[in-house]
Amino acid sequence: MSDRYNVESFNLNHTRVVAPYVRVAEVKQLNGETITKFDLRFTQPNERFIPTDALHSLEHLMAEYIRNHSDNVIDLSPMGCRTGFYLIMHGEKTPTEAAKLLRKTLADVLEAREVPGCSPVHCGNYRDHDLDAAKLWARRFLTAGMEDLLKVFHEDDL
Ligand SMILES: [Zn+2]
């Protein structure tokens, strides 16, 4: 029996990462097409997590706005542990490309006047939203420089 999990992130040592960061979780070939999955970590695992209403609003905002900046987005979804998001893109993409895309998207979030799709018609839990808190977490992420975002692990692990 293998000591590796099927799920890539279960094999990641969450005690050694430094958030915020952008990391390639997986590159997959499917019928000759390449798909890249990113781990967009907003908060330090097991130290801090995003409240559900803020996370939910961030999901709506980011999922909507990221598609204004790229045609290669397949999916953007929150992690169940509420410390970040997964981004799945068509093609082999780099963390730099994903981080630039994310920064443009979060800049849009800061300008938002409402949460897109926030109604009982468009959402499965439309009361569970907080635009102001979503902006706060977006701003926190944006304070990290590009170099910091691309640094995933503690320095002494490298
Ligand atoms: Zn929703």
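Let's start inside the fold: leucine 58 touches Ala134, Trp137 and Ala138, leaving aside residues up to four places away in sequence. Touching, or being in contact, here has a set cut-off: the C-beta atoms of two residues, placed from the backbone, lie within 7 Å. Keep in mind that this is a predicted model, where local features need pLDDT of at least 70, side-chain atom pairs count only at pLDDT 80 or more, and totals for chains, interfaces and linings use all residues. Residues are numbered from 1 along each chain as its sequence is written.

Together with Val22 and Trp137, Leu58 touches the most other members of the largest nonpolar core, which has 30 residues. Two or more residues of this core come from each of strand E1 (21–30), strand E2 (33–41), H1, strand E4 (84–90), helix H2 (95–111) and helix H3 (131–142). H2 gives the most, with 6 residues. A nonpolar core is a set of buried Ala, Val, Leu, Ile, Met, Phe, Trp, Tyr and Cys residues joined through C-beta atoms within 7 Å. Buried means that 20 or more other C-beta atoms lie within 10 Å of a residue's own (12 or fewer is exposed, in between is partly exposed), with C-beta atoms placed from the backbone. In soluble globular proteins, nonpolar side chains tend to be buried together.

Now step back to the whole chain. The protein chain has 4 helices and 4 strands, running β-β-α-β-β-α-α-α from the N terminus on. These are DSSP runs numbered from the N terminus, with helices (H or I) of at least four residues and strands (E) of at least two. Of its 158 residues, 30% count as buried. Among contacts between residues at least 6 apart in sequence, 68% join residues at least 24 apart.

The unreviewed UniProt entry lists His56, His60 and Cys123 under "binding site". These three span 68 residues in sequence, yet no two of their C-alpha atoms are more than 10.1 Å apart, so they gather at one spot. UniProt positions follow the numbering used here, feature names are shortened, and annotations may be inferred rather than shown by experiment.

Not counting residues up to four places away in sequence, histidine 56 touches Asn125, Asp128 and His129, while histidine 60 touches Val115, Pro116, Gly117 and Cys118.
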